[in-house]
Amino acid sequence: MADEILVRGGLVVDGTGAEGRKADVAIRHGRVITVAPDLSTGDGCVIDATGLVVAPGFIDIKTHSDWTLPLMPLSESKIRQGVTTEVIGHCGFSCAPALPGKAETLAEYLGPSAPWLNFVDTSFGDYVRTYPATSVNRVMLVGHNTLRLMAMGLEDRPPEPDELDQMKHLLEDALGAGAYGMSSGLFTAPGSYSKGEELVELGRILKANGARYFTHLRDESNGMFDAVAEAIEFGERTGVHVQIVHLKLSGLDNWGSAGLLMETLHTARKRGVAIDADL
């Protein structure tokens, strides 16, 4: 059949953690239907994968491609590397929501990083619905910096109760519209002005919606271990899965501490904290 594809003779690594195995992969109507040795060719297209690895598309867990996909929706630089899913909206930065009359505020904040973007007043739901069609799947996050900017601008202080309530409402609205979770950028204003209690309050909204928390830590050099402790405490107090993004130990003073850092995370997991890191 013309709508069938047979990928023959490759080493299949299926993403389950199982050892790679030599097998053929049969695809029909864009879906894998069989993985087995020596499948018949039929009338479809045959791709010889001898000496190559056949795998599901890769998930790029930490990107800012929400800024570039509108320019290059085919995303060929990722597709050609095997990436078929991107997690976007990281480090507290998301292009929505933008409350009425505040699109310009968001543009001034994010524009230097993506001057080609056109910021408009929009809910997170409308942002998702009007985002251009892309060749990659998108997992969208809503940014804590953006929520704080909408509620209280760049003020260096704790939020007033009504401001925190507004952030909670905006977060809940974004999660209802399909956001997978919330990202934070605690190294960068206005996220750097927030305290743990503010984040925990937002974390309770994440927990109630089965969502996740992705954090760019407050410090990635000499304050790294305190910053990791803050992320662990967030996970303990909220029960939300925490993903530390682009974990690193910056500065010569911290070289050689990776083992201790990994043990800190292992110890937290042993006592039931759902916390992971990409690096």
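Analyst: Happy to! Let's start with helix 4 and helix 5, whose crossing is right-handed. Please keep in mind that this is a predicted model.

Helix 4 covers residues 144–152 and helix 5 covers residues 161–176. Their axes come within 9 Å and cross at roughly 135°, so helix 4 counts as oblique to helix 5. You can find the contact by looking for Leu147, Arg148, Met150, Ala151 and Met152 on helix 4. Across from them, helix 5 brings in Glu163, Gln166, Met167, Leu170 and Leu171. Sorted by class, this contact has seven nonpolar, one polar and two charged residues.

The largest pocket has a volume of about 400 Å³. It is lined by 17 residues, and those closest to its centre are Val25, Val32, Val54, Ala55 and Pro56. Strands contribute to this lining: strand 1 (4–12), strand 2 (21–28), strand 3 (31–36) and strand 5 (53–54) each supply at least two residues. The largest share, three residues, comes from strand 2. By class, the lining of the largest pocket holds 14 nonpolar, one polar and two charged residues.

The second largest pocket holds about 260 Å³ of space. Of its 13 lining residues, Cys95, Asn118, Val120, Tyr127 and Thr130 are the closest to its centre. The lining of this second largest pocket divides into nine nonpolar, three polar and one charged.

Notes
Residues numbered from 1 in each chain as written. Predicted model: local features only at pLDDT ≥ 70, side-chain atom pairs only at ≥ 80, totals over all residues. Heavy atoms only, no water. 1 Å grid on protein atoms, 1.4 Å probe; cavity = no way out; pocket = protein on both sides within 12 Å on 5 of 7 lines; lining within 4 Å. Points joined across faces, edges and corners; volume = space filled by probe spheres on them. Helix = DSSP H or I, 4+ residues; strand = E, 2+ residues; numbered from the N terminus. Nonpolar A, V, L, I, M, F, W, Y, C, P; charged D, E, K, R; others polar. Axes fitted to C-alpha atoms, helices over the stretch in contact; angles between N-to-C directions. Parallel < 35°, antiparallel > 145°, perpendicular 65-115°, else oblique. Left-handed = near helix turned anticlockwise from the far one by under 90°. Contact = heavy atoms within 4.5 Å.
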